[in-house]
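Q: Hey, can you walk me through this one? I'm new to it.

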Amino acid sequence: MATLGGLERSVMSLLWDSAESLSANDVRDRLGEDLAVTTVLTVLSRLERKEMVRRERSTRPHRYSATASREEHTVEMLNEVLGTAGDREAVLARFIGTIPDSEAAALRRLLQN
Amino acid sequence: MTLLAACLAALALMLAIPVPRLLREAEFRSRSPWAAMLLWQAIALAGGVSMVSAPMVYGLGPFGDSVPAAASKVLGLMATADFAALTDLGVHPGHIFALCLSVLLGGHLLLTLLLTYVRVLGQRRRHRDVVRLLSTPVDGNRAAVLGRHLNLSAELGDAHVLEHEAPLAYCLPGRTHAGSVTVLSRGLLNQLSAAELGAVVAHEKTHLQQRHHFLTMAFEAWYRALPWLPTTRHGRAAVTELTEMLADDGALRAHTRQDLLRALALSSAGPDHQDVLREGTQTVAESLAPAEAETARGPEPGPDAESTSGDDAESRLITTARLRRLLAPPAPLSRPALGGVIGSAAALVLVPAAALLLGA
């Protein structure tokens, strides 16, 4: 997990699985990798910019938590993919979804015979 | 100038209402989707230009004999604030109104295009960020991510796998080709055979390679700018359909029709249907090519297997053009017909432009 993207994924996964908010030190300790705290802070601030992570500024050191659960993000994404989130047609090119259900069913019966 | 304005208005009206309605259902789109795509793009461009320039040319009428000369005259009069000249030229308030209308309409169309572009880009970036965090890149650990599809790792190297049981495949265009992401769900990997999955990935790659997101962008913007015009909806739906046909054709260059159709049927299916289909045998060829079916037909797999007339009934139920052309591939357009389509597209773009620059 040397890449920044890989680190972001690991940190996000940690925050999703954690019941409480974590400080940068907590994150580093739980990652179990030989990382500088500054690296972890960089990753956390990138995630904050992507609005994936919320920072609690009232405490010292700052504590971080996920803005939404893994499931909520998945649902948000799937809604975009399936076009159920309003006008999203131009955002994605889809393999499915352009076929009406009734026709897909007929196709399945046809392929089955 | 009045005649030119009338011609442009007539063209704008034609391209706004009857032409998209006819083209939406035109049978030739299944035969040569790229030609239909070319025509749609030309219609969007020519429709926008004629809609904006018709009132402009009318409004410029009293100011000169050609569009460029009249336009520079107007700009000159505006700079000097010469009101007396307006009376001398016989300018009616209607002319001023038409010029304002043209500027507003043109600004509205361009601004909507720009806003749509920015908005779509933002949504894509957001989606890409979330995908990268939620899914597993195939590249990281091929064996663990792909499981039984490890032999496809060359094709799937830059794909992301989303842990979700719904069978999904889609692509997210990035700013550069390398920044694009193909997303496959765990459900899809579980449902499809390696050959079917290969067809899906080739379909998605074609979307990205042919930059279909640029082809749909103008129509998305056109729809957002004038949603009350029923034909902008036609245009958007038609172009989306054409990109799917083109991507299917791209997939068919390296994969069989059967694999693509099975992948389509399975990835659109609810879980109960998927089990049924998975138990069936690999005899798609029978329903697709009746001549081969005579030799290929083995024992029927299921107790409720239907007769050939049942197949006909089912295939009549399928009216989606994209599926129809996969089930019974139509011949591509003949050369003269293709020439006609390309010529019309070129004329749509060039004739109004030439008339505006050169004509009187």
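A: Here's a quick chat about the two chains, starting with the ground rules.
A: It's a predicted model, where local features need pLDDT of at least 70, side-chain atom pairs count only at pLDDT 80 or more, and totals for chains, interfaces and linings use all residues. Residues are numbered from 1 along each chain as its sequence is written, chains are lettered from A and ligands numbered from 1 in the order in which they are written, and side-chain values use heavy atoms, leaving out hydrogens and water.

Q: Switching to chain A: how many residues of H5(A) are buried?
A: 9 of the 12 residues in H5(A) are buried, among them Glu103(A), Leu107(A) and Arg108(A).

Q: Where does H5 of chain A run?
A: Helix H5 of chain A covers residues 101-112.

Q: Back to chain B. Which helix gives the most to the nonpolar patch?
A: That's helix H7 of chain B (residues 93-134), with 6 residues.

Q: Is Tyr117(B), from that helix, buried or partly exposed?
A: Tyr117(B) sits in H7 of chain B and is partly exposed, at 35% relative accessible area.

Definitions and conventions. Helix = DSSP H or I, 4+ residues; strand = E, 2+ residues; numbered from the N terminus. Expected span 1.5 Å × (residues − 1). Buried < 20%, exposed > 50% of the residue type's maximum accessible area, 1.4 Å probe, protein only.
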